Amino acid sequence: MSTASAPQRAWNHPLARPLGALALLLALAALGVPGFLHLEIKDGHLYGNLVDILHRAAPLMLAALGMTLVIATRGIDVSVGAVVAIAGAVACQLVGTQGLALALSAALGAALLCGLWNGLLVAGLGLQPIIATLILMVAGRGLAQLLTDGQILTVYEPASFFWLGTGHLLGLPVSLFVVAAVAGGTALLMRRTALGLFIQSVGINPVAARLAGVRTAAIVCFVYLYCSLGAGLAGLMIASNIRSADANNAGLLLELDAILAVTLGGGQLSGGRFNLAGSLIGALIIQTLTSAIYALGVPPQVTMVVKALVVFAVCISQSPSWARHARRPA
Amino acid sequence: MLELSGLHKSFPGVRALSDVSLRLFPGEIHALMGQNGAGKSTLIKVLTGLYAPDAGTMTLQGRPIAPRGTEDAQRLGIRTVYQEVNLCPNLSVAENICAGRFPRRWGRIDWAAVRVEAKRALAQMDLDIDVGAPLSRYSLSVQQMVAIGRALRDPAQVLILDEPTSSLDDAAVQRLFTVLRRLREQGLAILFVTHFLDQTYAVADRITVMRNGQTEGEYLAQDLSRLALVNKMVGAPADQVPARLDSSAPIDGEPVLSARGLSRQGSLQPLDLSLRRGEVLGLAGLLGSGRTEAARLLFGADAPDQGQVEIGGRARRWHSPREAIAAGLAFCSEDRKHEGAILDLSVRDNILLALQARHGLRLVMSREQQNALAEDFIRRLGIKTASADTPIGQLSGGNQQKALLARWLATRPAVLILDEPTRGIDVRAKEDLMDQVRALAHGEAGMAIVFISSELREVLHCSDRVLVLRDRRAAGEYRCGELDERSVLEAIAADPAAAPAA
């Protein structure tokens with residue numbers, strides 16, 4: 001290792017591959033669609049595909065941050081999409097009559113309850129994470145449909161409700177600031193407290209962590225709470241953006257994209273070390289892919305195939321056994 | 001029948017077997033004895049073809065053999081039944097016996113033949129059960145017999161049983177032995193791995209003792225006394241000047257930690273012990289005697305069914321190790337890899353973990369202070385690592401052990417429980433570690449230490465007082481001055497059928 005040259009060492013940095021994949025995608029899109037990277041200022045707002053990608057990726061980035069911590073404890077949370085739907089439904093149900101503050105707090109409160117439920121099932125009852133969260137994945141969307149009577153619940157006022165999903169601040173979409181705040185807050189929490197150390201310990205070796213006195217159950221419970229809170233925030237963002245609660249489709253399959261984002265960012269599903277920045281980049285890769293495919297005018301019926309191929313390529317490039325294969329002939 | 005000689009096998013950094021020999025005779029039950037890590041499992045894996053030996057010869061009925069893989073060994077007539085029952089509980093007994101090689105007719109499984117085959121295999125052991133019933137319907141001992149039946153479906157020459165009795169109760173063990181004696185009469189050579197002395201003497205004709213990867217010797221069971229056997233297992237030469245304790249610990253200090261009637265079903269009979277400030281209490285006994293179990297109960301790693309722990313004069317019942325740590329206890333597990341090291345984390349984080357966990361989420365110290373603490377322990381304990389940032393998994397076993405010791409020393413415990421801290425580390429590192437243990441207790445810190453080791457000599461070298469455990473209960477306690485190797489060995493080896501030792 002010590003003999004590795006500087007470029008080699010840079011390539012071994014955990015963020016190198018996700019960043020490289022993102023840059024490559026953007027470069028390809030710029031080649032295929034002239035002006036893809038073009039940015040301009042209109043009415044005091046920054047416009048362009050790059051801003052659009054960041055804005056559209058915001059809910060996924062929030063979900064991916066939570067999923068990163070859950071996966072770090074060897075868990076998985078497949079109820080993210082359902083929590084998005086619940087949060088959106090609660091907010092839209094209340095915002096017209098009870099005011100913005102109460103509606104938003106109630107929505108996030110509902111998300112936290114969902115997280116508590118998941119956390120208790122996993123940490124308290126010791127259920128397999130995928131099974132425990134599958135319960136909420138199925139039941140949660142049903143609950144959201146009950147809340148909205150199976151209809152799409154459209155919100156007309158207050159206009160302040162739309163600020164979160166469509167507003168601008170300093171010329172940039174508000175959603176970017178929300179993501180930045182959540183990501184920054186999480187990073188601080190991990191660095192300035194022992195939470196990061198405990199989460200990694202629990203993920204790498206839960207038995208040893210317990211014997212060293214770590215509150216393993218509380219840590220596991222926390223990551224599910226955190227993940228659901230992020231999902232709730234994403235749900236508010238989506239509801240605010242589409243000005244309605246769509247219990248059937250809001251956040252549909254978001255959990256799978258979030259898991260994918262974590263994987264693309266270099267996270268291991270086997271738990272342990274995690275990388276918040278990597279997961280954010282992973283989310284951006286997914287959104288860039290979608291945006292680029294649309295901009296390139298790829299027929300919709302082949303979109304999924306192209307997406308799958310790119311994801312496949314990125315995952316392969318991160319596989320350790322593939323890396324060994326690639327290195328051997330050299 | 002089967003003869004091995006001059007067998008060597010090394011793994012990176014470890015000599016697992018060196019110059020091992022073993023002779024199995026037809027119509028004889030041969031017990032393979034040895035402590036944990038003596039090389040029994042490696043030897044069996046060589047016998048069954050799982051490992052290829054680096055050097056040495058194996059002959060079966062005079063012909064040299066070199067099984068490559070378990071199937072090869074099976075074809076040669078060497079069959080193995082492992083410690084855990086390796087069967088599928090949801091399948092029928094007949095399916096379990098024939099799985100993998102079903103009798104076929106016209107490309108299909110001949111179910112009638114399967115049942116006949118299974119019946120025949122079990123008949124060798126006088127076992128007549130409904131082979132169509134799912135395996136899970138039968139008791140563990142019957143399942144064990146089914147496993148043997150599976151192994152003996154085709155004519156076999158050698159049957160290897162790897163700790164077959166560890167999960168059986170007494171009656172089941174007796175049934176198993178009846179079967180083994182029957183198989184012996186049929187001319188089978190049986191190798192029986194166990195760490196229970198009673199069982200060895202109940203059934204074995206010949207005993208091979210292994211220690212530290214070497215064969216200590218082969219004996220006829222009737223010629224080898226219990227005491228001599230234990231002597232050979234723990235490696236105390238019979239004519240050595242007995243090591244005596246040279247204690248410098250206060251004899252009448254205040255007890256820091258004591259246990260009253262601490263017990264747990266299936267792991268420990270009610271145990272009393274007390275531990276004073278500045279003394280090292282050694283726990284001696286064979287594997288399965290209750291040493292580790294006692295340590296885990298003291299620390300709250302397992303919940304006791306009965307009894308309590310008293311610390312600082314207050315009676316406590318731990319609900320988790322966390323509470324024990326808060327009360328000033330520390331516990332280095334014998335299972336370094338699974339219960340100690342967090343392999344992917346750095347040496348620094350591993351050292352810091354317990355101290356940080358005690359303080360909760362608020363960081364106990366800055367990054368610089370963390371580094372200083374880690375560097376300090378790395379220097380004081382002589383941990384060989386590239387840096388404090390190196391993942392602990394990249395360190396050698398001995399250095400990992402020292403880092404884990406550092407983890408607990410960082411919490412400044414009043415009571416330190418060390419379970420097999422010297423396992424799997426080299427001689428120099430062992431000496432180092434034992435010196436450090438004594439220094440911790442007898443120095444200013446005045447820590448109370450529970451020291452557990454399979455190596456009797458280490459226990460005697462380190463401890464001020466020794467508690468001998470046998471069959472999951474206390475079998476004697478020895479203070480400085482009244483203790484020598486012989487008396488401890490006698491306590492360890494005492495026949496439970498005879499009058500209980502004092």
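**Note on the predicted two-chain model**

1. Trp106(B) sits in the loop that joins strand 7 (104–105) to strand 8 (108–109) of chain B. This is a predicted model. Trp106(B) has 5 other C-beta atoms within 10 Å and is therefore exposed. Its phi is near 50 degrees, a positive value in a residue other than glycine.

2. Gln61(B) is a second residue to check in chain B. For Gln61(B), a residue other than glycine, phi is again positive, near 50 degrees. Gln61(B) belongs to the loop between strand 4 (55–60) and strand 5 (63–64) of chain B. Gln61(B) counts as exposed because 12 other C-beta atoms lie within 10 Å, and the cut-off for exposed is 12 or fewer.

3. On the interface: 20 residues of chain A are in contact with 24 residues of chain B. On the side of chain A that touches chain B, helix 9 (195–204) and helix 10 (206–211) of chain A each supply at least two residues. By class, that side of chain A has 10 nonpolar, six polar and four charged residues.

4. The largest nonpolar core contains 255 residues, and Ala64(A), Ile86(A), Ile417(B) and Ile449(B) have the most contacts inside it. Helix 11 (residues 216–242) of chain A gives the most to this core, namely 17 residues. Leaving out residues up to four places away in sequence, Ile417(B) touches Ala295(B), Leu298(B), Phe299(B), Leu329(B), Ala330(B), Phe331(B), Cys332(B) and Val450(B).

5. Helix 11 of chain A also packs on helix 4 (residues 80–98) of chain A: the two axes come within 7 Å and cross at roughly 55 degrees. The two helices are therefore oblique to each other, and helix 4 of chain A passes helix 11 of chain A in a right-handed crossing. Among the residues making the contact are Val83(A), Ile86(A) and Gly88(A) of helix 4 of chain A, and Ala231(A), Gly235(A) and Leu236(A) of helix 11 of chain A. The contact of helix 4 with helix 11 of chain A has 14 nonpolar, four polar and no charged residues.

6. Helix 3 (residues 49–72) and helix 13 (residues 276–296) of chain A have axes 8 Å apart and pack at an angle of about 140 degrees. Helix 3 of chain A is therefore oblique to helix 13 of chain A. The crossing of helix 3 of chain A past helix 13 of chain A is right-handed. Helix 3 of chain A brings residues including Asp52(A), Arg56(A), Leu60(A) and Ala64(A) to the contact, and helix 13 of chain A brings residues including Leu280(A), Ala283(A), Gln287(A) and Ser291(A). The residues of this contact divide into 12 nonpolar, seven polar and two charged.

7. Gly140(A) is part of helix 6 (residues 129–147) of chain A. Is Gly140(A) buried or exposed? Gly140(A) is buried, because 29 other C-beta atoms lie within 10 Å. Apart from neighbours within four places in sequence, Gly140(A) is in contact with Ser79(A), Ala82(A), Val83(A), Ala85(A), Ile86(A) and Cys114(A). Gly140(A) and Asn205(A) are 65 residues apart along the chain, and their C-alpha atoms are separated by 31 Å.

8. His38(A) is found in the loop between helix 2 (16–32) and strand 1 (39–42) of chain A. It counts as exposed because it has 12 C-beta neighbours inside 10 Å. A distance of 23 Å separates the C-alpha atoms of His38(A) and Gly165(A), which are 127 residues apart along the chain.

Technical notes: Residues are numbered from 1 along each chain as its sequence is written. Chains are lettered from A and ligands numbered from 1 in the order in which they are written. This is a predicted model: local features need pLDDT of at least 70, side-chain atom pairs count only at pLDDT 80 or more; totals for chains, interfaces and linings use all residues. A nonpolar core is a set of buried Ala, Val, Leu, Ile, Met, Phe, Trp, Tyr and Cys residues joined through C-beta atoms within 7 Å. A residue is buried if 20 or more other C-beta atoms lie within 10 Å of its own, exposed if 12 or fewer, and partly exposed in between; C-beta atoms are placed from the backbone. Helices (H or I, at least four residues) and strands (E, at least two) are DSSP runs, numbered from the N terminus. Two residues are in contact if their C-beta atoms, placed from the backbone, lie within 7 Å. Ala, Val, Leu, Ile, Met, Phe, Trp, Tyr, Cys and Pro count as nonpolar, Asp, Glu, Lys and Arg as charged, and the others, Gly among them, as polar. Axes are lines fitted to C-alpha atoms, for helices over the stretch in contact, and angles run from 0 to 180 degrees between N-to-C directions. Angles under 35 degrees count as roughly parallel, over 145 as roughly antiparallel, 65 to 115 as roughly perpendicular and the rest as oblique. A crossing is left-handed if the near helix is turned anticlockwise from the far one by less than a right angle, and right-handed if clockwise.
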